[in-house]
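Please look at the charged side chains in the structure below and consider how they pair up. The briefing that follows takes the pairs in turn, together with how open each partner is to its surroundings.

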Amino acid sequence: MVSATLASKTFDSDDQVFFARLSGDFNPIHLDPLAARRTQAGSAVVHGIHAVLWSLDRLVELGTVTGGIAGLKVQFAKFIPVGSTVDLKLVRRDEID
């Protein structure tokens, strides 16, 4: 499958606060740029599961996912710094009969 950008989003500090309230995850690595500077990430980063849920929402919204999802494998390969733009690309799609 060709890897084309399906959607893009820039996660900002308001997104971080909203998701922290929703999830209860107030880890400073997501919300406090000063505290996050002292971590391996080096800056505040997006909640990984927030990025996953946003991706799934876009896939459903675009009609790419039309049925149920039997499984999902996610690999967090690198940090997403708050304020950076994320591109959603569908690289591989496995059909299960």
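A salt bridge is a side-chain nitrogen of Lys or Arg within 4 Å of a carboxyl oxygen of Asp or Glu. By this rule the count comes to 3 salt bridges. This is a predicted model, in which local features need pLDDT of at least 70 and side-chain atom pairs count only at pLDDT 80 or more, while totals for chains, interfaces and linings use all residues. Residues are numbered from 1 along each chain as its sequence is written, and side-chain values use heavy atoms, with hydrogens and water left out.

**The pair D15 and K9**

- The side chains of D15 and K9 form a salt bridge, with 3.4 Å from N to O.
- D15 is buried at a relative accessible area of 18%, where buried means under 20%, exposed means over 50% and partly exposed lies in between (1.4 Å probe, protein chains only).
- K9, with 21% relative accessibility, counts as partly exposed.

- R58 and D57 meet through their side chains in a salt bridge of 2.6 Å, N to O.
- R58 also forms a salt bridge with E61, and the closest N and O atoms of that pair are 3.1 Å apart.
- Salt bridges that share partners therefore join D57, R58 and E61 into one network.

**Accessibility within the network**

- R58 counts as buried at 16% relative accessibility, whereas D57 is partly exposed at 43%.
- E61, at 58% relative accessibility, counts as exposed.
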